[in-house]
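Visitor: I have a model open and would like to talk through how its parts touch one another. Could you put it up?

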Amino acid sequence: MQMSESTVGINAPGDSEAEVARVMQICNACRYCEGFCAVFPAMTRRIEFGKADAHYLANLCHNCGSCLHACQYAPPHEFVLNVPRAMARLRGKTYADYAWPSFMGAAYRHAGGSLVLALLASLLLFALLPAGQVFQPVDRPGDFFALFPHGTLVWLFGAAFAFAALALGVGVGRFWREVSPGVPNVPAASETVQSILTLKYLDGGHGEGCNNEDDAFSLWRRNFHHLTFYGFLLCFAATLAATVYHYVLGIPAPYALSSVPVLLGTAGGIGLVVGPAGQLWSNLRRHPLHGDPAQRPLDRGFMVLLLLTSASGLALLACRDTVAMGVLLVVHLGAVMAFFLTLPYGKFAHGIYRSAALLKWAIEKRQASGLKLGSD
Amino acid sequence: MYDVLVIGGGNAALCAALSARERGASVLLLESSPREWRGGNSQHTRNLRCMHDAPQEVLVDAYPEDEYWRDLLGVTGGLTDEALARLVIRSTASCRDWMRRHGVHFQPSLSGALHTARTNAFFMGGGKALVNAYCRSAARLGVEIRYDAPVDALELCDGDFVAARIGDERVAARSCVVAAGGFESNREWLRDAWGQNEQGEWPADNFLIRGTRFNRGVLLKHLIDSGADAIGDPSQSHCVAIDARAPLYDGGICTRVDCVSLGIMLNRNAERFYDEGEDFWPKRYAIWGRLVAKQPGQIGYAIIDAKAIGRFMPPVFPGIRANTLNDLARELGLDAARFMRTVNDYNAACRVGRFDHTVLDDCHTEGLSPAKTHWALPLDTPPFYGYALRPGITFTYLGLKVNGHAAVHFGGRPSRNLFVAGEMMAGNVLGKGYLAGIGMSIGTTFGRIAGTQAAQAARTGNAGNRYADE
C-alpha cells in the first residue's frame, strides 16, 4: 500500500516531467480549458501522465497562453498552476534529450552561446574562404561565384543541410517511437498539414487569437509566426528554383529582378524580415508568466538570426552591383550557414517536434477512448 | 460624483456595471480583492443553465421553460419564488448574445460532463475567462474599476443609498448595486449559523470553502443590521463533499470526488449512512456535503475497488491505495474490524444484475440498511482506494429580499436607488438544494436588471442627490 508521492507534491513543482504530470493531474480534474487547443482533449484520454505522455503533451502545446489567463489555479493560488510554462520547460528538455548526437543536447541548454559561436565561425569561414577579394569589385557585377565558386557553396551548404536533416530526423524519430503513436492515415495526415499551415492552435479555439501581454486575445502572434513560416518556405523555394535554373536550364546567377528565384526570394525575404521582427516585438512584450524565461535566448536568438539572414539577403540583392557586394555576401552566407548549423540544435526544432505531436494527436483522436467516465 | 456605484467584482457585479454603462451612466466598480484574485466565486464557475426551445449553438435538443421550472422546484422543495424564478429562466434564453457581445466565448459541454450538453452552456476557459472578458469590455466602455477596495458600510437615508464607506473613505453615487457575494468565508458566521450538534461539535469548523476567500459577508451583515429585509436560512448553501486535502479556500471544481456512486460511503465509525446509488451522480453530488456535515467529525470516506478506475472524473488528489481491505481501513485510520463488517455485509447484500453506470441499472442490495439501490457491485477487486471527504461550501443562500427590479427592501418597501444581485439575493430563487449552472443564471439575470435599474434611478434623480450638486 502506498500514498502516491504526488499527493505530498501537489504544491511543489518538481523536475520537468513531474511538473507536467502534476499540472495535468490538476487540469484533468477541472477541464475548463478544453476548447482552447488540442492539449486538453488529449489529456482527457488519460488518467495518468507518464514520461512519454508528458513529452507528447509538452510538444503539442503551442504556448498560446489562453489557459494561463483563464486558470483559477494560476499564481497566486497555492497550486501555482502554469501549464504553458511547465510545457515550455519540458519542451526545451525534450529537444536536448532527443538531440543527435546526444552530446549536442548541450547546444540547447546554452542556446545563446551556441548560436553566437556558430555565427562567428560561419562568418569567419566565409571571410577567409575567398582569399582577400571581398573588398574588390568583381569583373561581372553581381557575380557571387567570382568570390565563392558555385561548387564550393553547393558542397558546403549541401553537407550542412544534409547533416541537419539527418540529426533532426534521428531526434524526431526517437520522439515518435517514445510516444507510441499508432499508424498514420490519410485523414490524420491531412488534418495535421492543415493545422500546421493555418497554425490552428494559435487561434484560441474561438478564432480571436492567443494571448501576449495580457488576457486580451490577438492574432498578431499567429500572423507574425506565419509571415516567418511562409517567408522561410518562399526562400527555400527560391533556392530550389535557382538550382533548376543552374543545372536544368543552364542559366548562371545573378538572375534578373523579374526572374522566379529573385521574385520568390524577395517575397520570402520580406516575410522573413517582418515576421521575425514582429515576433521579437511580441516576445519582448510577453506577459512575465508566459513560457520558460530560461529559453528566451533560444527564442530571441533564433528570431535575430532569421532577421540577419533576411536583411542581409535583401541588402545583398539591393547592392549586388556595388562594391559592398563582397562584404554583404560574406555576412549573408555566414548567417545562412549559422542557420543551417543550428537547425537541429535550436528553435527550428520546435516545428519538427510539434508537427510530430500534431500528427500523433490527429491519429489518436480518431481512436476510441479507453476511458468511460461515469458522468458521460 | 458617479451615477452608479457597483460593489463587488464577480459575474453579477460586472453584468450590472456593463448594463448601467450601456444605458449611459458613469460607473465605478469597487472590488474588495486584489486584481489577481478578482471575480469572486465567478472565477470558479464554468457554465450557465439555459432554457431553449430548440438546439442553439453549443446546446443540444431543447430545455423548455416548464422543465427548467420543474427541475428548480424539485431541488428547492418549493423554497423559491415562482415569479422571480421564471424571470431568471426566461432571460437565460436570450442572454448569451449579450454575453458574447461583451467577449464571452462558449464551448460545447466538457468531456466528463456530457449529461449537461442539453441544459448548460459552458464558458470557454471557465468563469475566470468570463470575468477577464467582462473586465476588458468594462475598460473599453469606460467603467472605472478599483481593486483592493473593500466596502465595509453604506450610508443610507430612509432606505435610499447615499454613499459607501471604505474605512474612512466615502464614495458617493446617485445609485448603487451591491453584488458582493455570500458569507461562506466568514468562519465565525458559519459557526454561528450551523451551531453546535448533539455531540457538542461545531460542525462548520470542519468545513472547507470551495469559493473565494473574500466573501466574508461584511456588506450582507451590514445591510441586514441596517434593516434590509433578509431571505433564506443561513445554514443553507451549495455544499458538496470534497477531498479533505483540498485547500481551505478557492479549491474550486477540481477538489470534488466523483466516485461515490461507484462504491460505498462510510462515516468515521466505518458505517454507511446514505444510499450511494439513489440517482445519477450529477443529480446527487450536491447533497453529499450536507450529508457529511451531519456525520460525526464531519468526515466521510468514499471506498471503491479497481473496477471503478477509469469510470469517473479523475480527482485532483490520488486516493489512498491498498491491496487488501484491511490495510485500506488502517491507512484511512478507521476501525478495521468494523470496516470489514460493513464491507462484508454490503458485499453479501449485493444483487448483481447488468452493471451499467450510464443508466439506473439493476445492481442493488437486499436486506441492507441503508440500501444501495443502483450500481451495487461488491468491493472485491484489489487494489482498493479510499478518499476522505469533507463538506465544501461553494456559496451561502442567506440573502436580501428583492422584487423583479432587484430592489433592496426595507420593511417591505423597495429602495428607490439601492439594488442587489448575485449570491446576495440568490436565496430568493434558490432556498435550498442546487441545480448546476443556476448560480450564474441568477447572477447574470439580476446583475443586468440591477444595472439597468440603477442607471435609470440615477437618471431620474430618484436618489435625492440631483445632477445639480456636481
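Visitor: Into which domains is chain A divided?

Guide: Keeping in mind that this is a predicted model, chain A is divided into domain 1, covering 5-95, and domain 2, covering 109-363.

Visitor: And how far apart do the C-alpha centres of those two domains of chain A lie?

Guide: The C-alpha centres of domain 1 and domain 2 of chain A are 30 Å apart, and the contact takes 25 residues from domain 1 of chain A and 24 residues from domain 2 of chain A.

Visitor: Which helices supply the side of domain 1 of chain A that touches domain 2?

Guide: At least two residues each come from α4 (51-60), α5 and α6 (83-98) of chain A, with α6(A) giving the largest share, seven residues.

Visitor: What is that side of domain 1 made of, by residue type?

Guide: On the side of domain 1 of chain A that touches domain 2 of chain A, there are 12 nonpolar, 11 polar and two charged residues.

Visitor: Switching to the chains, how many residues of chain A are in contact with chain B?

Guide: In the contact between the chains, 38 residues of chain A meet 44 residues of chain B.

Visitor: Which helices of chain A supply that side?

Guide: On the side of chain A that touches chain B, α1 (5-8), α2 (16-28) and α5 (66-69) of chain A supply at least two residues each, and the largest share, three residues, is from α2(A).

Visitor: How many of the residues on that side are charged?

Guide: Six are charged on the side of chain A that touches chain B, alongside 16 nonpolar and 16 polar residues.

Conventions
Residues are numbered from 1 along each chain as its sequence is written. Chains are lettered from A and ligands numbered from 1 in the order in which they are written. This is a predicted model: local features need pLDDT of at least 70, side-chain atom pairs count only at pLDDT 80 or more; totals for chains, interfaces and linings use all residues. Two residues are in contact if their C-beta atoms, placed from the backbone, lie within 7 Å. Helices (H or I, at least four residues) and strands (E, at least two) are DSSP runs, numbered from the N terminus. Ala, Val, Leu, Ile, Met, Phe, Trp, Tyr, Cys and Pro count as nonpolar, Asp, Glu, Lys and Arg as charged, and the others, Gly among them, as polar. Domain bounds come from an automatic or database domain assignment.
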